[in-house]
Amino acid sequence: MAYYDNILELEPDRNGSNLRIGIVMSRFNINIGEGLLGACTAELKMRGVLDSNIMLVTVPGALEAPMALQKMALSDQFDALIALGAVVRGDTYHFEVVSNESARGLMKVQIETEIPIANGILTTENDDQAIARMSQKGIEAAQAAVEMANLQIIFDEISE
């Protein structure tokens, strides 16, 4: 913790060595999902998360991710969760439905369970955009999960 002009500031804690992380990955657009997963797990390990503290669950698509995340959140086995996948625009309105409803579902689970969920589900116009963004998005999802899990631990300690 640091003080900024006499204001208590909670510094970001990016150490994942004591964290348990659950990942839900959509198998739709699997090549992009695996690219996200590779970058995400490499970043988690770089932040100290042990292989034995990472669990991966796969689901058919982005719309199925919130249910799996909810089950994982309610299991009391994870400090944070990560959703990975890709929704690539097609020729129909289905893109908007999947993009919006999967994001809404993730937020609902996160708020209701108080388990941080990093949204690493890409929504892109085409495969090239998804491929160009997958590594960075995987890294960012891991970073967000670690930081938010540590922040949640601090909040839990403050409220006791």
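Trainee: What are the ground rules?
Mentor: Residues are numbered from 1 along each chain as its sequence is written, and side-chain values use heavy atoms, with hydrogens and water left out. In this predicted model, local features need pLDDT of at least 70 and side-chain atom pairs count only at pLDDT 80 or more, while totals for chains, interfaces and linings use all residues.

Trainee: Why is Gln110 called buried?
Mentor: Buried means under 20% relative accessible area, with a 1.4 Å probe and protein chains only. Gln110 has 18% relative accessibility, so Gln110 counts as buried.

Trainee: What is Gln110 in contact with, leaving aside its neighbours within four places in sequence?
Mentor: Contact means heavy atoms within 4.5 Å. On that basis Gln110 is in contact with Ile115, Pro116 and Ile117.

Trainee: What makes a set of residues a nonpolar core?
Mentor: The members are buried Ala, Val, Leu, Ile, Met, Phe, Trp, Tyr and Cys residues, joined through side-chain atoms within 4.5 Å. The largest such core has 24 residues, and Ile21, Ile23, Leu44, Ile82 and Leu84 touch the most other members. Helix 4 gives the largest share, seven residues; helices here are DSSP runs of H or I, at least four residues, numbered from the N terminus. Apart from this core lies another, of 19 residues, including Val24 and Val98.

Trainee: How does the lining of the largest pocket divide?
Mentor: Ala, Val, Leu, Ile, Met, Phe, Trp, Tyr, Cys and Pro count as nonpolar, Asp, Glu, Lys and Arg as charged, and the others, Gly among them, as polar. The lining therefore divides into nine nonpolar, six polar and one charged.

Key
Buried < 20%, exposed > 50% of the residue type's maximum accessible area, 1.4 Å probe, protein only. Helix = DSSP H or I, 4+ residues; strand = E, 2+ residues; numbered from the N terminus.
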